[in-house]
Every structure is written in structure tokens, then in C-alpha cells.
Amino acid sequence: MQIYDFIGIGFGPANLSVAVALSEKNMLNDNAKIMFVESKADFVWHGGMLIPEAEMQISFFKDLVTLRNPTSPFTFINYLAENDRLESFANLKHFFPRRVEYNDYLKWAAKKFKNYVKYGTKVIKIEPVVAEGSDVVEYLALHLQNISTQEKEIIYAKDISLATGISKIIPEYMRANPDIKISHSDDFLRSLETDFTQRNSDYKFVVVGSGQSAAEITLHLADEYPNAKVDLYFRNYALKPADETEFVNEIFDSDTVETFLTFDDDFREAVLENHRNTNYSVVDPKLISILYERLYYQKLIGSEQIQLHRFHELQGIDSHSKKAIFEELVDNKTVSFEFDGLFLATGYEIIATDIVKNFEEYLVYDVEDRLVLDTNYRVKTVNDDFKPKIFIQGASEHSHGMSETLLSLLAYRSGKIVARLIDSA
Ligand SMILES: Cc1cc2nc3c(=O)[nH]c(=O)nc-3n(C[C@H](O)[C@H](O)[C@H](O)COP(=O)(O)OP(=O)(O)OC[C@H]3O[C@@H](n4cnc5c(N)ncnc54)[C@H](O)[C@@H]3O)c2cc1C
């Protein structure tokens, strides 16, 4: 039986950053018993939302490694240099590259680890392996399934890092009728390619949501389909700006994680609540201005291509009339609108902790479904009879702070994980 020293589950930016940190310690060599398992066929970072003009929400300094090790060969700056764009990038005077470029950077880095990644394969179950004649859990058995052939296999790991990211939230009533073209923002560009191929058609598009994705989708649809009508519906009064001011931005610093862990639950919750407008249901202020200006100049030419509808909450779909049903929150009236395509920019949920359910009796939870992680992102275990180290990334915003689901602290977090991994205690 092949027992790996370490397996990373999911190969998005989080575990890619772990690969970089492992390589710094010379742990990725010919003898390494290390692997990453990724369900996608190849590396891509939120491919459905790689809208050509969309920009990153963080500075390029917060790449896979710079904030821990600025001399690493895996910095964004070295990526630019290797691709002969360093000087021209400097001329741009940008801190926030476009997402397509950041994806290209991540792909460039991921390619260097291709011998350690099993793509097109999903981890469908993890089970504890108990040593014969004892109660001690020595390894974990990972059940894998090949996405295209459906073939299954089991491999074993001493330690693992779960970084399975986020999963789109689609209300049940939206799944009902496959003939109706509804897609989550996660599938946005794929849906345009397959369902809306006539660029000059007068499609009626409905977009739901009030965050960054909703604003990006609205503008992209209007640009790509000049004769289409794009209606954006949201619950609140207005699109609100993401707070990215200097003092507030310190909430994404590595020091903040250390401080955050010293707070009690109620205090942490209050701080998170107070700073939700750094990340949730908010839009980059620059994009708000672009959208506002667009609407203004529409008025000048008498166009109503883009319309914003405040105080509307999506209730469901009438699949016969192909209408989206909304509640008007001001007077609780139900209204419905026809559409050719409906795009849900309604967010994501974290999926990381579902996969450890098979052995939850060994792990420490504080409230239901909420695992307790130490400062190094290792899951705390009930006792020392559980040997494998399980690291979880992206699922502990409640304890480690606002940056947990984002890219800001990839370099810091992967450094912590690898340091703990090689610490034999
Ligand atoms: C459109 C969009 C833009 C964003 N922009 C920013 C930004 O500018 N700045 C920022 O800080 N954050 C941003 N975010 C937040 C985002 O969560 C992070 O950018 C980042 O993707 C987190 O990395 P990750 O590796 O934890 O998760 P993911 O990127 O989601 O990667 C997880 C990977 O695990 C794989 N996987 C899942 N389950 C399994 C399984 N069971 N077996 C095998 N593989 C599995 C998935 O296929 C995926 O590739 C953005 C999010 C979205 C949706």
C-alpha cells in the first residue's frame, strides 16, 4: 500500500501556495511522497468569471509567496520577468492586475508542480485507518474518483491539507426546469458560450445580486450584447462600495490573525460583522462609478439598456411563463419579469468541512459543523490517538478572521502549515 507523507486536497491558490512553501523546504524532490488531488482537468482560477476587464481585489504583493518570502522564484514579479512584461507592467502603475493575468500567473506557478498534481480526480470520501490491535488512527484513506472515467481508487496519507474552496449557492427552486436558462455567476462565461451565442440578439437578461460579481456581469452583458436589455435586481437600496481604505485594510494583515485568535467568540463575531463591508455584498468603488456613469450617458441617448431595480428579492421562477418572480420589499407586492437568461450572483458557501464527517468523533468542534483549528490551521483532535495532521484552509473565518476565504494571506498561511507539517511534535 502506497502511503503518502502529505496529500493536498484541491489545487486552487491555497494548496498551490502550500506547494510553493514545500518547495522552499526542498520537500518536493524525486523521493517526495507528496501529492495534490484536483477535480478540475487542469488549473484554472474561477474560470467562469474570468471576464477580460475584471480586476483583482487585492494587490499583486499578496501573491502566493511575496509577503513571506519576497526572494522566492514564485512571486508575481518573477512571473512578469519570466514573461518579459516586468517593465511594461511597471508602466501601468497598477497594484491590481486583471483577473485574467492573475489566473495566468497562478497557472504559470501550477505548471511547475505538475508532476505532483493528479488532475481530473475528486476526493469523494476520507476514512481513518486504525492500526491493528490498537485504537490509534495512523493514516487516512482517501477515496478518489476519476471525473471522466468514474474509476475509483484508494490512496493513503499521513497528513492532509484540505483546500476545497467554495461552492455556488443555487436555491432549490432554481434547479427545477433544465430548459430555463439560469446560471450561477460561477458558470457565467460558460453559459454565454453555450446558451447566448447571438451577440446582436435582443435578449432579456436578469441579474440578481448586489456584490462585485453582479456589477461585473451587468456591465459585461451590456458590452457584449449591445441590443440586449440587462436588468439588475437586488434587495437593498443601492450598490454599496467595498471598504478598501488603508486602516480598514489592516484587517487582512497577518498580525490580525494572531490577534484575532486571542479574542473571545462574541468579540470576534462583532468585529467580523462590523467589517463585512470589506468583502460581502459590496462592489469595488471604481466599478460603481463606471456603472453610474454608464447609466448617466444612457439617459443622454435615451437608452434603457441597463436598469437597476432596488428593494427586490427573488422568490422563484414560473417555469410555464418563463418569468422570474420577485417580492417588492417596500410593499410586499409580487411582481414577475420575463427573461431569456437569468444570472444569479448570489454567492457561495464553504464546503471544506463536509468531507471529514466520517470521522468527526475524533475532531474538536465548538459549535455544530465548526471545527476548531489551532494557530497553524491544524484541526484540533479529541486526543492524541489521532495521528494524522489535518490542515484546513478557507473555512475558519470565524476564528482566524476576514482574510480566511480570500487570497490576502496565502503566503502567511501556507508558511504556517508547512512549518507545522515538518514539526514532528
Ligand atoms: C469570481 C471571484 C473572484 C475572486 N476574486 C478575489 C480577489 O480578487 N481577491 C481575493 O482575495 N479573493 C478573491 N476571491 C475569493 C476566492 O475564494 C479566492 O480567490 C481563492 O479562490 C481561494 O482559493 P482556494 O484554493 O481556497 O479555493 P478555490 O480557488 O475554490 O480552489 C479549490 C479547488 O479545490 C477543488 N476541489 C474542491 N473539492 C474537491 C475534491 N473533493 N477533490 C478534489 N478537488 C476538489 C476545486 O476544483 C478547486 O479547484 C474571488 C472569488 C471569486 C468567486
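Reader: Which strand does Glu-127 lie in?

Author: In this predicted model, Glu-127 lies in strand β4, residues 121-130.

Reader: Why is Glu-127 called partly exposed?

Author: Its relative accessible area is 28%. Buried means under 20%, and exposed means over 50%. The value for Glu-127 falls in between, so the residue is partly exposed.

Reader: What makes the link between the side chains of Glu-127 and His-143 a polar contact?

Author: The distance is 2.9 Å. The cut-off for a pair of N or O atoms is 3.5 Å, and one must be able to donate a hydrogen and the other to accept it. The pair is within that limit, so it counts as a polar contact.

Reader: Which other residues is Glu-127 in contact with, leaving aside neighbours within four places in sequence?

Author: Besides His-143, the list holds Tyr-139, Leu-140, Ala-141, Asn-358 and Phe-359. Ala-141 is 14 residues away along the chain, and its C-alpha atom is separated from that of Glu-127 by 5.1 Å.

Reader: Now the sheet of β12, β13 and β14. What is the strand order, and is the pairing parallel or antiparallel?

Author: The order is β12-β13-β14 in an open sheet, and the pairing is antiparallel. From one strand to the next, the twist averages 30°.

Reader: Why do β12 and β14 stand at the edges?

Author: β12 (312-318) and β14 (333-338) each have a single partner strand, so one side of each lacks a neighbour in the sheet.

Reader: How do you know that β12 and β13 pair?

Author: Pairing takes at least two bridges. β12 and β13 (residues 323-328) have six, so they pair, in the antiparallel sense. In one of the bridges, Ile-317 has Ala-324 of β13 as its partner.

How values were computed. Residues are numbered from 1 along each chain as its sequence is written. This is a predicted model: local features need pLDDT of at least 70, side-chain atom pairs count only at pLDDT 80 or more; totals for chains, interfaces and linings use all residues. Side-chain values use heavy atoms; hydrogens and water are left out. Helices (H or I, at least four residues) and strands (E, at least two) are DSSP runs, numbered from the N terminus. Axes are lines fitted to C-alpha atoms, for helices over the stretch in contact, and angles run from 0 to 180 degrees between N-to-C directions. Buried means under 20% relative accessible area, exposed over 50%, partly exposed in between (1.4 Å probe, protein chains only). Contact means heavy atoms within 4.5 Å.
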